[in-house]
Amino acid sequence: MTKIGIMQPYFLPYLGYWQLINHVDKFVLYDTIQYTKKGWITRNRYLLNGKDEMFSLSVKRASSDLDVAERELADDFDREKLLRSLKGAYSKAPYFKENFSLIEDIIKATENNLFFYIEQSIYKICKALNITTPILKSSDLKQCSRDLKGKDRVIDICKALGAKDYINPIGGIELYNKDEFEAEGIDLKFMRSLPMAYSCFGQECIPHMSILDLMMFNSLDQIKASINNFSLE
């Protein structure tokens, strides 16, 4: 039974993203989807002085019609400045010395294409977490129509990959109808990620933060142990 997950490329996303990749048999990254500033493609949350703050990638101005794979990082995107901000926030965290080198390697990557920059970060974190699921790009699926939108496009990709199950994060429960997928021979299931509880400088952690936050307060083995901490609905 083939389980498929499909997501936009997010930069250092929360644990649920990695749980989804790990759970499915094949994972598809949308590189042929329109880039938007909204959402989590280029930004995420980190802990600063006990509160969640945003960090982000700077992207060149361009037509809003361009796909993620057609966008570039801004010429003035300051990788060192971003690293200084994150180091300042986490340098005293218990697993900073153990895990921050991976974050540094990800951010310092010289790739300027937005999709490839994020893609390399996903592969590196998957390797660190021992996630071996094959990752495809939507552009790899030449038999799929780029003219389709929403659930029709998702179903088209699922069919191309012979999916019996399509797993989507719980946030999609209002977007997709199980009956519509079932009519196409696909069982739609929603993944509810259970927050990983840990202490952050003596206070309770803020749930669903960037994987960066988890890596500063937990060992990789602890994170791996939580990779199956979810429910399917």
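This is a predicted model: local features need pLDDT of at least 70, side-chain atom pairs count only at pLDDT 80 or more; totals for chains, interfaces and linings use all residues.
How accessible are the two partners? Lys 87 has a relative accessibility of 31%, so Lys 87 counts as partly exposed. Glu 104 comes out at 21%, and that also counts as partly exposed. The cut-off for buried is under 20%.

Now stay with Glu 104 for a moment. Glu 104 also forms a salt bridge with Lys 108, where the closest N and O atoms are 3.6 Å apart. Lys 108 is partly exposed, with a relative accessible area of 40%.

Let's zoom out to the two helices themselves. Two packed helices are described by the angle between their axes and the distance between the axes. For H2 and H3, the axes come within 11 Å and cross at roughly 160°. That angle makes H2 roughly antiparallel to H3, because anything over 145 degrees counts that way. The crossing of H2 past H3 is right-handed.

Who makes the contact? From H2 we have Arg 79, Leu 82, Leu 83, Leu 86, Lys 87 and Tyr 90, and from H3 we have Phe 96, Phe 100, Ile 103, Glu 104 and Ile 107. Sorted by class, this contact of H2 with H3 has 8 nonpolar, no polar and 3 charged residues.

Next, another helix pair. Helix H1 (residues 15-23) and helix H4 (residues 114-128) have axes that come within 11 Å and cross at roughly 75°. H1 and H4 are therefore roughly perpendicular to each other. In this contact, Tyr 17, Trp 18 and Ile 21 of H1 meet Ile 122, Ile 125 and Cys 126 of H4. By class, the contact of H1 with H4 has 6 nonpolar, no polar and no charged residues.

Let me come back to salt bridges. How many does a search of the whole structure find? The search finds 14 salt bridges. One further example is Asp 75 with Lys 60, with the closest N and O atoms 3.4 Å apart. Both Asp 75 and Lys 60 sit in the loop between strand S4 (51-56) and helix H2 (79-90), 15 residues apart. Asp 75 counts as exposed, at 72% relative accessibility, and Lys 60 counts as partly exposed, at 33%.

My last stop is Ser 226, in the loop between helix H8 (220-225) and strand S10 (230-232). Is Ser 226 buried or exposed? At 12% relative accessibility, Ser 226 counts as buried. Leaving aside neighbours within four places in sequence, Ser 226 is in contact with Leu 15, Gln 19 and Met 196.

Terms used:
Residues are numbered from 1 along each chain as its sequence is written. Side-chain values use heavy atoms; hydrogens and water are left out. A salt bridge is a side-chain nitrogen of Lys or Arg within 4 Å of a carboxyl oxygen of Asp or Glu. Helices (H or I, at least four residues) and strands (E, at least two) are DSSP runs, numbered from the N terminus. Buried means under 20% relative accessible area, exposed over 50%, partly exposed in between (1.4 Å probe, protein chains only). Axes are lines fitted to C-alpha atoms, for helices over the stretch in contact, and angles run from 0 to 180 degrees between N-to-C directions. Angles under 35 degrees count as roughly parallel, over 145 as roughly antiparallel, 65 to 115 as roughly perpendicular and the rest as oblique. Contact means heavy atoms within 4.5 Å. Ala, Val, Leu, Ile, Met, Phe, Trp, Tyr, Cys and Pro count as nonpolar, Asp, Glu, Lys and Arg as charged, and the others, Gly among them, as polar. A crossing is left-handed if the near helix is turned anticlockwise from the far one by less than a right angle, and right-handed if clockwise.
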